[in-house]
Amino acid sequence: MLKILFPKRFSLVKTFAATFLVFAFTIRLTLYIWSFSEIDFSFLNFIEIFGIGFLFDLGCLSYVLTFYSIYLLLLPAKFYGSKLDKIITNTTYALMLFFMIFSFLAELTFWEEYQKRFNFIAVDYLLYTYEVVQNINQSYPLPFIVGILIIVTFLAIKVAKNKNAFSNTFNNTNSFSTKIIPTLFWVLILVGFHLNVKNSQAEKFSNQYENEITKSGIYSFFAAYNSNELNFNDFYETQPTDVAYKAIRNLVTAPNDSLIGSSKSIARNIYNPKKELTPNVIFIGLESLSADFMERFGNEKNLVPTIDSIAKKSIFFTNLQATGTRTIRGMEAIALSIPPTPGRSIVKRKNCNNLFTIGEVFKQKGYTRTFFYGGDGHFDNMNNFFGNNGFNLVDRKKKHRFNEGFPTKRTQITDDEVTFENAWGVCDGDLYAKVLKEADKQYKLQKPFFNFIMTSSNHKPYTYPEGIVDVPSGESRDGALKYTDKAFQQFFNEAKNKPWFKNTVFVVVSDHCAYSAGRSEINVKSYHIPAFIYNLQNKTPEEINKLSSQIDVFPTLFGYLNWTYKSNFFGKDINKMKPKDERALIANHRKLGLLKGDKLLILDSHKNYTFYKWNSSTNKLKVQKTDSLFLNETISYYQTAFDLFKNNGLKLKK
């Protein structure tokens, strides 16, 4: 049988297939051993993981070998071993081996960071190769890794030569008819796999580590690329549009609010009876700062003492949840006050301009608006989003990138303002120094200002200026957290001496947690983030333990400032929430969840849903019989959010 599938002309097909499958098995076994403590081991599951995984690897392999097999089929025998044949074959074989080995090794670093096979994050990173390559270079010994890749590729080619694969491929008399069967073999696998197999079919287990290990990383990458935007109505459980809107209009409306506009809208007037306050507002987005890094939530390592201290002097929301697991999800939730739509964040989508953001409310109250980022805001489409939604921009433009035009002003962080810089941009200390400098200028305009700051130092490669904290730069996340806190402390020490400080409110919220992986399809504990409002005049520090979401942060601030305004937000003033209103919207790329108390309902992209009871002590989910009212509430949040964005319901009215 092997001689029929692999005649001499197909010798390199055989060696490449064997090499690929051996590497794929080795990576899967490595991930399995690496994650063994998180896996619900059983011999049957082990067989299934590696059996299904082999089929996915074979399908992935067919995408490469089908095209080479067609080449071998169509090239006439008289050209076997010709100069052209050797150039095409040798070059292609070496390049494919190199990239195959690179992708397998890259999976190990990706797993270390995310405990996932390649997914939408890897797809997004492909668009920003400069930052990603620099991050890899600063996190790992890149020259050494490239050297290893070259050596392994060379050894794989040497093995093929020792098996006479090259000489057999070039020196044979296989006829056209001999080559038809092996070519059809790969064509049929490709067609059957491409038309009938979806990446999600590897997700057969209740344990998410097992699901991820079963997948093929390369195939997962392309599957994620194809699902970067998911049409909610095509992939998720829905209800009639008018029913969904009727439900959501009731859910988002607080006492004294008045709905306006059409029945397919959440637009409403928010009324607060007291005198309006217009202090300056500075929002600080803390990169990857999980709640459990704080002393308040049980951490005993004293990693962020300044953040701990200021939170105690603030309105501290102790049960607030992130909507997602990436920075742009946090930005989306904060800026648009909207549940996460499936696929990529709105921040990265087309048609994300002229939307009703928190900036529009500040504009109506007479504020200037500025977005600060220590790196190049081209990354993750941040400048395009904020610049086309009314924010001035302050960032560190990379020299190799073209000048982009925005309807607002863009200010550079200049070389002389930089003391330390890594792949993601300047350190938090340099970013805060720029904020202070710009805030001084804004203060002189005699208009209130709103500054939206996104930090980045608490991100791999965890590098920062030496000598500031007691952990060497680049060593660990603990060191990055300590530096993040130290820069935070220095910022507030300097801000307190500014003439604008007394009349400035600081809103501090993490964008997402540091770790999102878990055994269940959504790891509930990995969405809990710190959030607090500091320096509110005439407000006694307090803790608010209501279950709430990132989307509620600014509606709550506007409540504290007694603002009456038009809203198109899904978020609500947390202080106006009754116990039945408490909820959090938590999601990843494809799974969309609603958490209320100890109940969690998750919608997935196959029009399925699962209702769970969540044990907060063990962080385990137990399947329950679905509550239909809970299901309808979950659908109404996500269906209407998707509908409003897709049909321009979030656009500003001209």
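Let's start with Ser337. At 0% relative accessibility, Ser337 counts as buried, because the cut-off for buried is under 20%. This is a predicted model, by the way.

Where does Ser337 sit? In a loop, between helix H15 (327-336) and helix H16 (358-364). Leaving out residues up to four places away in sequence, Ser337 touches Glu332, Ile551, Pro555, Phe569, Phe570 and Gly571.

Phe570 takes us to the nonpolar cores. The largest one has 83 residues. Which residues have the most contacts inside it? Phe371, Phe450, Phe554 and Phe570. Helix H21, residues 628-646, gives this core its largest share, nine residues. There is also a second, separate core, with 48 residues. Leu65, Met100, Phe166 and Ile189 are among its members.

Back to Phe371. Again, residues up to four places away in sequence are not counted. Its contacts include Met331, Met382, Phe386, Phe391, Leu393, Val394, Phe452 and Met454. Two asparagines are on the list as well, Asn383 and Asn392.

Last stop, another asparagine: Asn422. Asn422 is in strand S9, residues 421-422. Buried or exposed? Asn422 counts as buried, because its relative accessibility is 8%, and buried means under 20%. What does its side chain face? A polar atom of the Asn422 side chain lies 3.0 Å from the backbone nitrogen of Trp424. Further along the sequence, beyond four places, Asn422 touches Gln138, Pro461 and Thr463.

So much for the tour.

Notes. Residues numbered from 1 in each chain as written. Predicted model: local features only at pLDDT ≥ 70, side-chain atom pairs only at ≥ 80, totals over all residues. Heavy atoms only, no water. Core = buried A, V, L, I, M, F, W, Y, C linked by side-chain atoms within 4.5 Å. Buried < 20%, exposed > 50% of the residue type's maximum accessible area, 1.4 Å probe, protein only. Helix = DSSP H or I, 4+ residues; strand = E, 2+ residues; numbered from the N terminus. Contact = heavy atoms within 4.5 Å. Polar contact = N/O pair within 3.5 Å; in protein donor to acceptor, adjacent residues only side chain to side chain.
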